Amino acid sequence: MKRLSSLLKNIPHKAELLSEAEISSVCYNSKNAASGSLFVCIKGTKADGHDFAQSAYDKGSRAFLCERKLPLPPDAVQVVVPDCRAALADVSAEFFSHPEKEMKVIGITGTKGKSTVAHMVRHILESSGIKTGLIGTCGIAIGEKHYPTENTTPESYELFRALREMVDCGCKCAVMEVSSQAMLMGRVRGIPFFAAVMTNLSPDHIGPGEHPDFENYKNCKKALFPLAENAVLNADDSYFGEFSSASRNVVTYSINSESGFRASDISSLAIALGKSFSVTCGDTSAPVCVPLPGDFSVYNSLAAIATCSLLGVSIKSCADSLPTVSVPGRFEIVAVPGSASFVIDYAHNGESLEKAIDALRECDPARLICLFGSVGCRTQLRRKDLGKAASNADFCIITSDNPNTEDPEKIIDEIAENVAAPYARFADRADAIKYAVEISEPGDIVLLAGKGHENYQLINGQKLPFCEKELIIKYLSEKIKV
């Protein structure tokens, strides 16, 4: 419980009568409102919280943060602030007694590789005895506890609540993915990052309801770095100079350029998907083996090693940890003896799909089959690039990937216009997976791209249970019995 006045002590505001009421919770969704809750009227891309204030009042809320006076009953305390999103972050930090000041927070951004680097950093730190929490696309992890998240970076209230739980559980560090949308919407406001990590940058998330153009997308990413004490940057990325100029203490990693942490002697593993290389920092070198394919996995490993070095972990300790790292839905292998190899990956734009296919080509499959789709109601610009990238496979299966309220057949049509390889099409992703299992043979690699860690399909506004791994195993079992 916190007094309303204490929550607002650092926030510019106007209120006719500031109550000394005790606040038991903070919410921004009227469904979560209750007696004792402070309702914050934030504006989203589709809805405005001001329109739901009466609903929150009806559920028991009597304290409101708003940007304009609302027609509520006289016993409602209305606190008018310039920016409700900023206020939500400030109030949340105060409500949870500023957990961000009690631990080292590492933020990871970039177009691709955020989840992988975040999991690598946590794995290395935990292996080194540094208890670390994780927040990102795959959810929130605190010790053995796991919670799902709606967004890559949760809203500030959920973020500070997670950080408080981490501190209370003994975590000394938190590693989180920081999306461009999170920066745009102020979700990480008030967090003094110990380190900010940049993986790479290329156009993505540009379109209705997202970023208006690449410049806006890039600048939202770049805005993280002035907030951080240290910056870990990819010296091979074409935007390295811009991000370096926006940063303070810069640590670099690379394959091709001069840098603080550099990889050499890169090769593919002979008996499994993965990469081996040597990492050098100054006069120190160590051999590294990571169970993920592609040169991008080398970059991700270097980013994690460079980051953990800032926390005093040696290169050797990092190298000793990486062979056992795993990332949900990132080159996750479903292996059944006597069948093709099935690989589940989150590649969901043209560049990431192209790199995933190239990485699997290194394994010299008899055939490379790519099953993929594109999300509905947004990111229409991806469909052309996805079709072109998938054309590098031997055979494509075009299907659905969270079509939501958009016609799946229309999405498939837009993708298929750009696919040069032979293909089949199935609007139902389960049917597509069954077909992939039926036509696959030993020696083939089947890449299921786009959904990765997700355990649902978004159809007509509903999240329906959907697990690719379970379906693969089910259909393979049926095939073996036949």
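How much of the accessible surface of the protein belongs to carbon and sulfur atoms?

1. The accessible area of the protein is about 20,000 Å², and carbon and sulfur atoms account for 51% of it. Please keep in mind as you read that this is a predicted model.

2. Next, the overall build. You will find 15 helices and 25 strands in the protein. With a radius of gyration of 24 Å, close to the 23 Å that the globule rule gives for 482 residues, the protein is as compact as a globular protein of that length. Along the principal axes, a box of roughly 75 × 55 × 40 Å holds the C-alpha atoms.

3. Now for the inside. Buried residues make up 54% of the 482 in the protein. If you take the contacts between residues at least 6 apart in sequence, 64% of them join residues at least 24 apart.

4. Is Gln-78 buried or exposed? Its relative accessibility is 9%, so Gln-78 counts as buried, the cut-off for buried being under 20%. The side chain of Gln-78 reaches the backbone nitrogen of Leu-70, at a distance of 2.6 Å. For a view across the model, look from Gln-78 to Arg-122: they are 44 residues apart along the chain, and 42 Å separates their C-alpha atoms.

Conventions: Residues numbered from 1 in each chain as written. Predicted model: local features only at pLDDT ≥ 70, side-chain atom pairs only at ≥ 80, totals over all residues. Heavy atoms only, no water. Helix = DSSP H or I, 4+ residues; strand = E, 2+ residues; numbered from the N terminus. Rg over C-alpha atoms; globule rule 2.2 N^0.38 Å. Buried < 20%, exposed > 50% of the residue type's maximum accessible area, 1.4 Å probe, protein only. Contact = heavy atoms within 4.5 Å. Areas by Shrake-Rupley, 256 points an atom, 1.4 Å probe, with all protein chains shown as cover. Polar contact = N/O pair within 3.5 Å; in protein donor to acceptor, adjacent residues only side chain to side chain.
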